[in-house]
Amino acid sequence: LILYPQNSDTPCAFNVAFFWDLHGTPCIHYGLFIVHPDHQGKGIQSVMGFTNLLLLLKRQSGKTVWFTDLGRSPSGSRHFCSFMSHVYPRPGLDDDDGVIEKKYSSQLAVARAFHSRFKSHAGMSPNSELCGMAVRGSNGKGGAEALVRVNGTTRSRNARFNQWMESICPQPEDEVIMVGQFLVTSFLSRELRRRVWAIATFAALITVIFYLYFVSSARNVREELSW
């Protein structure tokens, strides 16, 4: 998917995705998102992601689909989590006793298959190793070595995702495979809650402003009457 600004022949963003199959279960690799620096921070990635998502799901005729994502961008990881359900790994999932890995065994199986079958296709080094869901040395020799030069544009506005990515991918060569499913009902429910919360917050802010305004006006009136 390539996105062009209005009245321009120069692309401002693109996304590369591909289909694959795991024992009869359709899988879609969400792929690489690149947004030109001049157009970052405008919500383009979210719009492209949702549009591409609908196109990909339409092709699958409503079947249960696993989505995979590979990278070390906190911003991209947050974007993936905002669309998908049952995402593993993600911030807030600690696995000291192995319970989480058992719960998300299907996601682990998808990650192992993806790593073994698509190292070169997805830009992973042939010498990379899968440790849980982290791909150690993914951007090493033979991989997407240019991605080692990480810059600030990959960071998220959410500090929790920045900290999580630093803990799971401590080295510049490391990446993480994220696996999830897109459930329309869950996505719409999350969006509804988010928008209701935003509207409620805005309404509360307006109420406070009006209250302070009327209190101030009443105080001024009382002062004038006292004269």
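Which are the buried residues of helix 2? The legends below take this up, view by view.

**View 1. Helix 2 has seven of its ten residues buried.**
This is a predicted model, in which local features need pLDDT of at least 70 and side-chain atom pairs count only at pLDDT 80 or more, while totals for chains, interfaces and linings use all residues. Residues are numbered from 1 along each chain as its sequence is written, and side-chain values use heavy atoms, with hydrogens and water left out. The buried residues of helix 2 are P74, G76, S77, H79, F80, C81 and F83. Here, buried means under 20% relative accessible area, exposed means over 50%, and partly exposed lies in between (1.4 Å probe, protein chains only). Helices (H or I, at least four residues) and strands (E, at least two) are DSSP runs, numbered from the N terminus. Because seven of its ten residues are buried, helix 2 is largely enclosed by the rest of the structure.

**View 2. S77 is one of the buried residues of helix 2.**
S77 has a relative accessibility of 3%, so it counts as buried. What does S77 contact, leaving aside its neighbours within four places in sequence? Its partners are F161, W164, M165 and M178, where contact means heavy atoms within 4.5 Å. C81, also among the buried residues of helix 2, has a relative accessibility of 15%.

**View 3. W20 and F118 form an edge-to-face pair.**
A pair of aromatic rings is described by the distance of the centres and the angle of the planes. Rings of Phe, Tyr and Trp (its six-membered ring) pair if their centres lie within 6.5 Å; planes under 30 degrees apart count as stacked, over 60 as edge-to-face and the rest as tilted. By this rule, the count is eight aromatic pairs. For W20 and F118, the ring centres are 5.3 Å apart and the planes meet at 70°, so the pair is edge-to-face. W20 belongs to strand 2 (residues 13–22) and F118 to the loop between helix 4 (105–117) and strand 6 (129–131), so the pair ties together parts that are 98 residues apart in sequence. Both W20 and F118 are buried. Ring pairs also link F18, W20, F114 and F118 into a cluster.

**View 4. Y30 and F80 form another edge-to-face pair.**
From centre to centre the rings of Y30 and F80 are 5.8 Å apart, with 70° between the planes. Y30 sits in strand 3 (residues 25–35) and F80 in helix 2 (residues 74–83), so this link joins distant parts of the chain, 50 residues apart. Are these two residues buried or exposed? Y30 and F80 are both buried.

**View 5. D174 and R136 form a salt bridge.**
A salt bridge is a side-chain nitrogen of Lys or Arg within 4 Å of a carboxyl oxygen of Asp or Glu. A search of the whole structure finds one. In the D174 and R136 pair, the closest N and O atoms are 3.3 Å apart. D174 is buried, at 5% relative accessibility, whereas R136 is partly exposed, at 30%.

**View 6. H39 touches P5, C12 and I44.**
H39 is in the loop between strand 3 and helix 1 (44–59), and at 22% relative accessibility it counts as partly exposed. Its C-alpha atom is separated by 9.4 Å from that of P5, which is 34 residues away along the chain. C12 is buried, at 5% relative accessibility.

**View 7. Six residues form a nonpolar patch on the surface: I2, Y4, F14, V16, L32 and I34.**
Patches are made of residues with over 30% relative accessible area and no salt bridge; like charges are joined within 9 Å, and nonpolar side chains (Val, Leu, Ile, Met, Phe, Trp, Tyr) within 5 Å. Together, the six have about 530 Å² of accessible area, computed by the Shrake-Rupley method with a 1.4 Å probe; for residues, only the protein chains shown count as cover. Strand 2 and strand 3 each supply at least two residues of the patch. I2, in strand 1 (residues 2–3), is exposed, with a relative accessible area of 51%.
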